[in-house]
Structures are given as C-alpha cells and as structure tokens.
Amino acid sequence: MFPVRRLMMTAASNSVSLKHGLSLWCPHSGSFSRAQPKSSVSFRSFQRSYVVASSAFANENREFVIVGGGNAAGYAARTFVEHGMADGRLCIVTKEAVAPYERPALTKGYLFPLDKKPARLPGFHTCVGSGGERQTPEWYKDKGIETFYQDPVMGIDIENQTLKTNSGKLLKYGALLIATGCTASRFPDRIGGGLPGVHYVRDVADADSLISSLEKAKKVVIVGGGYIGMEVAAAAVGWKLDTTIIFPENHLLQRLFTPSLARKYEEFYQENGVKFLKGASIKNLEAGADGRVSSVRLEDGSSIEADTVVIGIGAKPAVSPFEQVGLNSNVGGIQVDGMFRTKIPGIFAVGDVAAFPLKLYDRVTRVEHVDHARRSAQHCVKSLLTAHTQIYDYLPYFYSRVFEYEGSPRKIWWQFFGDNVGETVEIGNFDPKIATFWIDSGKLKGVLLESGSPEEFELLPKLARFQPSVDKAKLQSASSVEEALDIARESLQQTGASV
C-alpha cells in the first residue's frame with residue numbers, strides 16, 4: 001500500500017511544482033536543478049490529483065494547510081472561502097487557543113481598565129479590522145475549515161510534504177502557507193526575564209496575564225520606547241498607575257519619529273503622569289521576598305521600584321521549524337518572491353515572517369504590521385488559486401491609536417505612509433494636529449499625520465505612492481497642517497495623479 005500512496009502524493013506534488021515553479025530570486029541548487037516538463041498543468045489538474053490522494057489517505061491529507069493563527073491566517077482563510085476552495089480542503093494549525101483575531105487590539109483596546117469598555121473576543125476576530133465578517137470559531141466550522149488549536153507544528157518533511165505537530169499528528173499537505181508571525185524578544189531568565197510579574201504581550205493569553213497584574217499593580221515599568229511601550233503606557237495611565245518607560249535610545253519610537261516629533265508625544269505622556277528614563281541600560285530585574293519582580297536595576301547601579309514590568313523590545317520572526325525552507329540572512333524571516341513563493345515549490349510564507357521584495361523601493365524587507373499581514377495573505381492565496389500573476393506592490397503603512405478609553409484627556413491617532421528617508425519638514429503644534437514630511441532629492445517620500453480628518457488621511461498614501469516633487473521652502477512656510485497638505489496635494493496634481 002505504501003508505494004501506491006507515495007505515487008499518489010508525488011502526482012499532487014508535481015502538479016504544485018508545475019504551477020508555481022521556482023522563485024525567480026532563488027539560485028537553482030542541485031536538488032532543484034532537474035528540468036521541468038514544458039507542459040502546463042492547471043490548478044484543476046492539481047485538484048484532481050489531490051482528490052485521488054486524499055481518498056487514499058482519508059483524514060491524513062489536506063489540500064491546503066495554513067500554519068499560524070494570527071491576522072494573516074484569518075485573512076488567508078477568508079480568501080480561500082471567497083474562491084470556493086475552503087470547504088473540506090483547508091486546514092489551519094496554530095499554537096493559539098482561539099480563532100485568528102486582530103492582534104493590534106491587544107495593546108490598544110484590550111488593556112483598557114475594566115470600567116472603560118475594553119475590547120474582548122469575539123469582538124475583534126478577523127476580519128473586522130478591515131470591515132469584513134467576524135470569523136468566530138463557528139465561522140470556520142460553517143465554512144468547512146478544519147482547525148487544530150494549541151497544537152503548533154514542530155517539524156516538516158519537505159520531501160514527503162508532511163508536518164508533525166506537538167501532539168504527534170502527521171499532516172500531509174498539497175500547498176503550505178507559513179503564517180507564523182513573530183515571537184516577542186525576551187529578557188534572559190538569568191537577568192530576571194521570567195520572573196512572576198514580568199510580561200510580554202504577543203497573544204491573548206499574554207494580555208490576560210498582564211491585566212491580572214495591572215488589577216493589583218501600583219508601580220509599572222515598561223521597557224522599550226516603541227509601539228508596545230507607548231500603547232501599554234497609555235493603557236496604564238487609564239488604570240491610574242505610577243508608570244515609567246525605560247529605553248536606551250534618545251527619544252520615543254526612534255525608528256520612525258524625528259526628535260522634534262517624539263518630543264511632542266513625550267510631553268503629552270508626561271502631562272498624563274508618565275515618567276521617562278532615556279538612554280538607560282538595564283542590568284537585571286530583581287525579585288522581592290515573594291519571588292515576584294520588585295525592581296529594575298540599571299547599569300549605573302540605580303534601581304526603580306516596580307511590581308509589574310512589561311518588556312516591549314521588539315520581536316523575532318518565528319521561523320522554526322521551517323529554516324530549511326530558506327531564510328534571509330539580512331532581514332530575517334523566510335525568503336519569498338513577489339508572489340510569496342519560497343524556494344520550495346508549493347510552500348509559501350506571508351505576514352511578519354516573510355522576507356519579500358519591496359517593489360516600490362527596490363529592496364528586500366520584512367514588515368511587522370497588521371496591514372501587511374492582511375494584504376500579503378490575500379495576495380498569496382489569490383496567486384495560488386487563480387491565474388493572478390501580479391507582483392506584490394506594497395506601500396509601507398504604520399499607525400497607532402492610544403488614550404481612546406472613556407475619560408481620556410485626548411485621543412491620539414497618527415498614520416504614516418511611505419519611507420522615512422531624507423530631510424524632514426514639521427508643521428503644526430500638536431494642538432491637535434501635527435504633520436511631518438520626509439523629502440529626499442526633492443521628492444516627497446513619506447508623510448505622518450496626527451489627528452487628521454478622514455479626507456486628510458486618504459491623501460497620505462497617494463502622496464507616498466506617487467512621490468511628487470515638492471518645494472521644501474514653500475512647505476516650510478505653511479502656517480498650518482491644512483495649508484501644508486494643500487501644498488502637497490497641488491504637487492501631487494501636477495504628477496497627473498487623481499486626488
């Protein structure tokens with residue numbers, strides 16, 4: 001029986017290989033240097049081959065398998081459903097205990113105090129973040145999508161197209177989508193990174209654990225001045241807690257904010273009681289008599305009391321156990337082409353874990369953001385299931401929303417599109433608006449806007465996409481954010497772009 005099964009799976013494998021081929025960027029290694037047949041095999045041929053294999057393997061085979069349970073997995077599942085290819089064909093394997101959800105909610109709305117209407121599941125299951133249907137566990141059942149919760153993939157046999165899960169399940173796949181995202185960077189246990197009261201926020205279980213600490217906390221220390229640090233600190237203000245942010249850089253969100261822009265946000269946080277300790281290095285986290293974290297000791301010998309510590313120092317792409325699929329040594333993650341194909345025919349990677357060619361700026365990158373997770377998943381599945389051959393052309397987009405709970409002195413919401421390169425022009429006084437424009441070689445490359453109107457926010461991606469030539473001196477002379485945006489809009493119109 002085994003030779004027959006192997007032959008059937010080989011037929012399915014060949015069909016995938018013929019459809020997707022080898023990624024254009026991938027050098028033909030010895031194992032993939034065999035000449036491929038010139039005849040074209042359609043997706044329907046692949047489907048027929050796999051149906052034969054599935055009947056032989058009964059429950060062991062899945063036509064499509066998604067590994068990962070985050071945003072990308074949810075949006076990929078929706079795209080399979082839209083193309084009529086989910087029912088009885090699609091399987092999702094995830095380490096999470098719940099169905100895919102909009103992960104940004106965890107540090108934005110989920111951490112709000114209990115009396116300020118915090119976000120809770122099932123309210124933010126995918127795909128509500130983009131206005132789509134809420135995909136609860138019942139939705140996956142209704143659509144015929146098999147789901148394995150709390151059972152992460154531990155190994156892959158590429159030759160035999162087989163996954164092994166933590167529980168020992170062996171899953172055959174026809175096409176595999178790796179959507180494992182990232183894991184939080186952690187402090188080593190030897191310096192207190194695993195002490196009770198020390199938290200990392202990456203999933204619902206993490207957020208629930210943090211809320212349990214916040215309910216009893218008095219002094220919170222947040223390590224890291226990026227998105228996690230800013231969003232958790234804003235939530236801690238809502239809990240009326242003594243809050244300190246520690247980071248080694250000179251200002252908040254150094255990867256994006258200019259010093260001047262960061263100063264505006266820092267002043268607002270300070271007005272709401274948040275303390276900053278910049279340029280600081282942490283030696284270790286110390287425990288009290290009860291074994292819980294009690295203080296943060298700095299390299300200069302000083303210490304800060306804390307009964308709750310939140311670590312937000314970045315994330316690492318979750319590539320294990322898929323290293324053999326092909327990694328990018330520069331930006332990390334799994335290397336893919338413009339259709340999210342890896343060097344292994346029939347295997348794809350999307351979302352945070354994918355190192356992909358950023359067409360607009362002609363470089364390979366990874367993007368850890370919900371917008372990319374959504375779009376890459378949809379683009380990949382559409383390319384897999386149809387004759388769609390368009391290369392992914394992503395425009396970098398980042399945003400944050402903080403202090404949005406009831407009773408907040410002011411809600412903060414900014415958006416950024418494009419590339420933060422070149423010189424900057426800052427307009428506005430943060431009361432409430434401020435805009436920053438990045439200009440390189442006379443062209444507008446990126447723009448950030450705080451507290452804009454819907455119409456103003458709609459302008460930003462057009463400016464970043466078309467990169468109009470702009471008069472820097474004229475922009476600097478603008479008396480308001482509105483006037484500066486009008487100047488940028490006029491420059492855009494001169495390119496012939498529709499505004």
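Which helix holds both Arg375 and Asp371, and how many residues apart are they? Select the two and take a look: they lie in helix 9, residues 370-385, four residues apart, or about one turn of the helix. Keep in mind as you click around that this is a predicted model.

Zoom in on the side chains of this pair. Arg375 and Asp371 meet in a salt bridge, at 3.0 Å from N to O. Side chains of opposite charge can pair when their charged atoms come close.

Next, select Asp393 and Arg465. Here the closest N and O atoms of the salt bridge are 3.1 Å apart. Asp393 sits in the loop between helix 9 and strand 21, and Arg465 belongs to helix 10 (residues 454-466), so this pair ties together parts that are 72 residues apart in sequence. Asp393 is partly exposed, at 31% relative accessible area, and Arg465 is partly exposed too, at 27%.

While you're here, select Lys433, Glu456 and Glu482. Salt bridges with shared partners join these three into one network.

Now hop over to Glu426 and Lys264. Their salt bridge has its closest N and O atoms 3.0 Å apart. Glu426 is in strand 23 (residues 423-427) and Lys264 is in helix 8 (residues 259-271), so the bridge ties together parts that are 162 residues apart in sequence. Is Lys264 buried or exposed? Lys264 is buried, with a relative accessible area of 19%, whereas Glu426 counts as partly exposed at 25%.

How values were computed. Residues numbered from 1 in each chain as written. Predicted model: local features only at pLDDT ≥ 70, side-chain atom pairs only at ≥ 80, totals over all residues. Heavy atoms only, no water. Salt bridge = Lys/Arg side-chain N within 4 Å of Asp/Glu carboxyl O. Buried < 20%, exposed > 50% of the residue type's maximum accessible area, 1.4 Å probe, protein only.
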